[in-house]
Each structure stands twice: as structure tokens, then as C-alpha cells.
Amino acid sequence: MASKRREFSLLPTLLLSLVIGTVLGVLLLLLFGRHVGNPDTVSAVNAGIPGTTVIDRNENTGNKAANSSADTASTTNTASTTTAADGTATASGTPATAAATGTATADNASKTPVEGQAAAGSAGAAATAAALPQEQTVTDTSFQGTGAEIYVQACQSCHMPGGKGAKGAGIYPALANNPKLKAMQYPTGMVLYGNGGMPSFGHYMNDQQISEVVNYIRTELNNNTDKVTPDDVKKMRQPGQHYMIFGEAAG
Amino acid sequence: MGVSRRDFLGMVGLAGGSAAVFQMMTVMGLAAPSTYKQPQLGTGGKGKKVLILGGGLAGMVSAYELNKAGYEVEILEFNARAGGRVWTIRGGDKYTELGGFEQTCQFDKGLYLNPGPWRIPHVHQAYQHYAREFGVKLEVFPMINHNAYVHRTSGVKERQGKLMIDMQGHVSELLAKALSQNALQGEMTGEDKAKVLEALKGWGFLDKDYRYSKSLATSSYRGYDRDPGARLEPGTPSTPLSLDAIVKNDLWTDLNTGLAYEFHSTIFEPVGGIDAMARAFEARTRQFIKYRSRVTDIKQDEGGVTATYEDLTTGSTRTARGDYCICTIPLSILSQIPSTGLSPQLADAIKKVPYGPSFKAGMQYKRRFWEQDEAIYGGVTYTDQSMGLMSYPANNYNSNGKGVVLGAYMFGPDAVKFTGMNPKDRLQEVLKQNIAIHPQAEKEFDNGISVGWHRVPFTLGCYGLYNEETRKDIYPTLCALDKRFILAGEHTSYWNAWQEGALLAGTSAVEIIHEAASKA
């Protein structure tokens, strides 16, 4: 019943709608078209193109954290950077901030100054600066104590108590009685830089701590007698190295 | 003539139907900026086979979409179940982690821990698409709960809503003061200044003198010492926290977490456990899955890809072959699997992605004291203790039974440390920290279960870690098709550790493979 009446008026309505729609479409495009460009800007930014600032989604998906080294390098960082509406970021504030190429956005793990991650670089505030990265400062409060104690805190999660290793879909190599550990450079390099799925601990331990844990692994879990000194470790640190940060949130 | 955007879209709808509206909305920048696109493969897959390594979300969505297009698919999965990290632990479930540490979950019926992903942003449109298609029921996850706490070991425990409002009030007052004293000269003209002052007054809950002060009016935002009631009770005003107290303890830092894009309302969880999406995909792809298959070798040649695998049920060695291969095995494991025929660049890049640590503990308490004593219904409390945060169940509110909270959610070195502890010690430490926030926890603790992701046999870690350099140097290689072989998973996305990353990576892999197969 009612449908008949509707049918009668359908064609003029359609035509009118099309005309008005086209006119308004052009108008609204002029008004709002600016937004359309945003995703491009962001993807270019995400690609890490030099010279642009980086809003990095990478390891930190819970918060938009960039995992660049410099973000966590400065504990005095006040992160007074701002993200402009068009997806690019500008930096202001302390020189330390301006030197950062990516600012950590903190979750619970990364917000504590102890982690070397400035409290101010807080969650959600993806803010960056376009400048040269500065030397990364090592955080040495995450793992503490003797070599044996650091082993328990940092290594045991994968290499297991006593260094016995484990096997699932992949393996964690046993560190006990492992002939590969004869050369002290091998385990030292592993701790500093990681390998494959193993994260680097170069950011989270100082030279003394690395030497102690390597000595524990080489002499207590193996029968080597020579010791690694903090100076040996220092020599293996490449200048300008950006050690991976893993103190951030995910989904 | 005052046509609103909505009216205009209505007109477009009348003229061209909903597709036209969506297209117009996209042009106007109103529609969701999601990068999800449903694969449109037609029926071109007949007579071709795609071998899929890994039966998590990326693998299953690939199989599901390819199968629709006529491709033959086969999935090799390490576990006896599909879903990978999309995993829910319930009462009765036994979990043996690497190193042989065994836990049996003792939660009551209906209670669970999602050790991996647990929240579904509305932003994640690939997920929302499949939730609609499969009828996966979602319930709201209150990401921001004004009544949950910010806790500090220094002894601070403040409700987030009060903190947020106090911070807003103080900042507004300061700015209003600066404006009134012409401290921002040159920043704005007189007219703008008046406008901004007016805005600060309203936005910052300021009084007539532009002060953020203790009053009934302020309390109507931040809450009262004693609420308004019946008869002669207008409410007793509460005292705002000082800006100093907020800044000194970095209390504000946790307020921003919920403002992250992916946490914008509305954010969900699947009813009954995060594995709902995995189960929905598994129901549609089960016939293609070879469970308990451990891939031991991958070989690409001119005509296809062959995977050698150990059948963990029988112990026998078998092979599977496809014209193409979508490999979703986490790089932490793939980097250990011998391969031939991959480009040297890809083989090298696979070995350069460390996996991030993460740790969770589910704590069952005998009663829901957070609701009954503290009026906290769902949401997240943040603390500077290593436990990181506590999240309260976002379902079955006011139930008189037991409740399971997420008692710890850690990343970074803390997660490494807790993963290295034995399950009993972990719970003891988590409980101690829970008690520091909720003293009732001591008496009400029932049992718990914990998962440290580096001890999970099928991933050896939580998610692919990148930094600016690796995103630039190796990530593009990991994302590219290598002749007949392509990687997919959260590690080939910018949504690392989210289900969305796996779904987007899977559906885009399918498009890329289909394009290659169509040209061949």
C-alpha cells in the first residue's frame, strides 16, 4: 500500500539526491579531503625514511613505542615532544630529547626510571625527534648480584636451571658442558648482541655484569678456567650500537 | 542550507546504496582507516596447492580464504590444537612449559586466563570482520575504569578518575593563570585569549576565580567524600590531590595508557575466552590441519616448496608439498629450521628478529572483593611493582562466586625474571604484590597459573621485536614474496603481538600468493 506511493516518488528523489550529492561531495571534499592524506604520511613515516620522524608501531603494539636506542638512552629525558596532527612529529625540550630518534611510550615495565626509560615517555605519547641518535646508555639495575644470581634472573628463563637447555618446537641450547663456550668471545657476544630469537642484553647489563655472568657460565657450568674481564666486554661493544630494548607493552 | 554530513550521506545512500555511502565516507575521511581488505580471489585457485606452516590465526585465515577460492590447502601444526598464541587456559587444563615445569589449572568452571592476546580494539577491523562472519560474540572490555587505581610502592593508591580530573584541573588553572598574567604574550590575541580562558574554565572544572578548588561543583566530577543522598544530603565535597603529589609520583603516566589509539572505546573481549576466534577458524579449517607436526626442514625449488616434518604422534618423518607456501612459524623457531632455496637475504633476515618477553599470571580469588569492597567492575589497575598491572574480569559482574583476575602482566626484564622462576615462586611473588594493592587478596587467594612466554614450547617468546633499524634493514625482506614462499604472522605486521597483525598478515599473504599463482 504505502509502497506504491514510495515508488511514485523514487525517481525524482534519486535524481535530486545525485545532483545534491555531487555538489556537496565536492564541497565536503574541500572541507575534509585533508584527512585523506594522513595514512600515506604515516606509512611513509613507519617505513623509517631517513629525515622524517618515526612513529613506530613495531614491538610495542600496546603503545606506540619506537624501539630506537636513544629513546631509553636518556633518563633525564622529559619527552616534551609533540605529535602534530598530520602524523609527523616535532621535537622540543631538552637536548637529550631532541637527540632521540624515537621515544619510548611507557607501559608499566618501561615507565620506571630504573629501566632507563624516562617516566615522561609515557603510554600513548608516541613522540619523536628528527636528529642524530646519541650513544645508548646502559641500564644496569634490571639484573643484579653475582654471576650466578644474574644467570638465574636473566638466562634461566630460556637456558633453564643449571644450563640444561630445553626442546620444544625449537630448542634452547644447553649452556652446561657446551664446548662452544671455550672461546670467551662467543658467549660474551651472545649476551651483548643476542642471536636469532634471543634478544640482546647489551642494554640491560653493564660490562661488569656481563663479565660476571659469562664467567659463571664458562667456569661453573663448564670447565674453563680463564676469566672474562669487564674490559674484555667493553672492547666488544661496538661504538654507536643500538641494543634492542624490550621493556614495552603488547596487545 | 544546513545539510549535515549525516543528511548528505543519507542522500548518497538513497542514490547509490550502502556501497556508495562507504565509498563516499572513505573519500570524506569518515570511515575507519583500517588496512584490512577482504581477499577477493574469485575461483582461480583450482588445481593449485598452498602449503601452510603453522595453524595459528595467520595460518588458518590463509587456509580459509584460499580454500574459498578453490585452492587445495594443507596446514602443518606443532600443537594438538590450532590457534597458537590465541590461547585460553581453563580449569582442568594442564600446561607443561619448557624445562618440564607442570601446572594444572584449578579455576572454577567458566573462569579462565588468556595468557596471550586478551583485548579486541574496535580499530582492528580484520578481527571485527571475522567476528561478524563467524558470529564470535564480544563483550565490552572497560579499558579505562575511573574507579580502578594507580598504585605506587611509595604508598600511593588513587582512583584513576580522580587523578585524571585533578590533573586536568590543575593544568587548566596554571594555564589560566599564565594567560591572565599575560605570560603568553604574543601567543594569542585578546579575543582568542578570552575564548581559551572560557574553555579552560569549563574543561578544567575551574571556579569563578579560575581556581581548581574543593567544592561540591568540583566533586560533581571527581567524586565526594560522602555521596549525595536522599533528603538533606547534598554530598560532602572531596579534597583534590595537589599537582605536586601527582607529578612527584609520576601518577599521571598511567592515565595515558588508555588513550592509546587501539585502546579507544569501544574495546572488547570474546565471551568465554580469547580462543573463541581460534575455535571459529578451526571449525572451518580442521579438515586441512595435520596436528602435532614439527617442521624440521624447508626446501624451495622451481616448482614448489616441500616441508619435512616429524609426526609427533608416531615419531615418523613425513613430507608435505605445495606449489606455494605460507610460513607462519614464529621466527624464533623458523630461524632454527634448516632451509634451502630461500633467497640468502630472506634466510639471513629470518635469523635477525629477537622475540620479546612477556609474562602473565591468572589469580583465582574466593570472592570478587574488588567489586564487593571497592566498586571496581572490570578495567585495569596500574602499579610500579614488577607485576605491572591488575585487570579485573569484564564479565559476570556481581557474581557471588569466585573470580579470576589477571594478577600480573609484564614485559621487559621483569618478564624475563619471572619466566625464569618456578611456577610456585612466581605465584607467591605475584600474590605478595597483589596484596600490596588489595590487602583482601591475602585471605581470599585460592589458586593461580602463570605463563612466561619464553617458556612456551611452540613460540619460544612472545612476539617479534623490531627497532627502527631492523624495520628498515630486514623487515621489508621478511614481508616480500620469495619466489613461492612468503612469511605471515604478527611478525610481518605493524600490529605486533595482536591478533589483528596475524589476520592482516595472513590475508595479505593470500592476496600476494594468489597474484603470483594467477600469473604463473
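**View 1. Where helix α2(B) meets helix α8(B).** In this predicted model, L57(B), M60(B), V61(B), A63(B) and Y64(B) of α2(B) are in contact (heavy atoms within 4.5 Å) with M277(B), A278(B), F281(B), E282(B), R284(B) and T285(B) of α8(B). Sorted by class, the residues of this contact are eight nonpolar, one polar and two charged; Ala, Val, Leu, Ile, Met, Phe, Trp, Tyr, Cys and Pro count as nonpolar, Asp, Glu, Lys and Arg as charged, and the others, Gly among them, as polar.

**View 2. How the axes of α2(B) and α8(B) cross.** The axes of α2 (residues 57-68) and α8 (residues 276-285), both of chain B, come within 10 Å and cross at roughly 40 degrees. The pair is therefore oblique, the class left over once angles under 35 degrees (roughly parallel), over 145 (roughly antiparallel) and 65 to 115 (roughly perpendicular) are taken out.

**View 3. The largest cavity.** A cavity here is a set of points on a 1 Å grid over the protein atoms alone where a 1.4 Å probe fits but cannot get out, and lining residues have an atom within 4 Å of a point. The largest cavity holds about 520 Å³ of space. Its lining has 42 residues, with G84(B), R85(B), T328(B), P330(B) and T459(B) nearest the centre.

**Notes.** Residues are numbered from 1 along each chain as its sequence is written, and chains are lettered from A and ligands numbered from 1 in the order in which they are written. Local features need pLDDT of at least 70, side-chain atom pairs count only at pLDDT 80 or more, and totals for chains, interfaces and linings use all residues, while side-chain values use heavy atoms, with hydrogens and water left out.

Note on methods: Axes are lines fitted to C-alpha atoms, for helices over the stretch in contact, and angles run from 0 to 180 degrees between N-to-C directions. Helices (H or I, at least four residues) and strands (E, at least two) are DSSP runs, numbered from the N terminus. On a 1 Å grid over the protein atoms alone, a cavity is a set of points where a 1.4 Å probe fits but cannot get out, and a pocket is an open set with protein on both sides within 12 Å along at least five of seven lines; lining residues have an atom within 4 Å of a point. Grid points are joined across faces, edges and corners, and a volume is the space filled by probe spheres set on the points.
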